Amino acid sequence: MAPKKKNRILAILNGIFGDYLVDSENPLAIPMQFKYKNTPLNFDNLILEEKVNGRILIIIHGLCMNEEGWNHSGHNHGAKLAAELGLTPVYLGYNSGLHISSNGQLLSETLEQLVNKWTVPIEEINILAHSMGGLV
């Protein structure tokens, strides 16, 4: 199965059965994590390209989606907006089937790690969210 199709199916499964997947410790449960250039950020050893800056655009998908949902016909809306505004795009992957308050708490914790470990001083954080991503 193609990776994009597999990721799309996994996002849908998490959106519908996400709380069950977490409760049963199923490996299909999507963990909350930030991604930069399609690579999950490892806060224990954060190494980024020199092109990142302290102006971040956090891009959050909606229910039953993943960060690939920002692509349409070869155009990535989040990356395009970030480039036009001089921001560093960082995508949030998360289990959209968890309760909104649970995801909100996880986002708070994950965002704190991002702020503490970012490789340059943070000047501003902007958020672009779709649907449930805005609620989280």
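**Note on the predicted model**

1. The protein exposes about 8,100 Å², of which carbon and sulfur atoms supply 54%. Accessible areas come from the Shrake-Rupley method with a 1.4 Å probe, and for residues only the protein chains shown count as cover.

2. This is a predicted model: local features need pLDDT of at least 70, side-chain atom pairs count only at pLDDT 80 or more, and totals for chains, interfaces and linings use all residues. Residues are numbered from 1 along each chain as its sequence is written, and side-chain values use heavy atoms, with hydrogens and water left out.

3. Four helices and seven strands make up the secondary structure of the protein, in the sequence order α-β-β-β-β-β-α-β-α-β-α. Helices (H or I, at least four residues) and strands (E, at least two) are DSSP runs, numbered from the N terminus.

4. The C-alpha trace spans about 40 × 35 × 25 Å along its principal axes.

5. Of the 136 residues, 36% count as buried (under 20% relative accessible area; exposed is over 50%, partly exposed in between; 1.4 Å probe, protein chains only). Among contacts (heavy atoms within 4.5 Å) with a separation of 6 or more, 78% come from residues 24 or more positions apart.

6. Lys37 sits in the loop between β1 (33-36) and β2 (39-40). Its relative accessibility is 49%, so Lys37 counts as partly exposed. The C-alpha atoms of Lys37 and Ala79 are separated by 9.6 Å, although the two residues are 42 residues apart along the chain.
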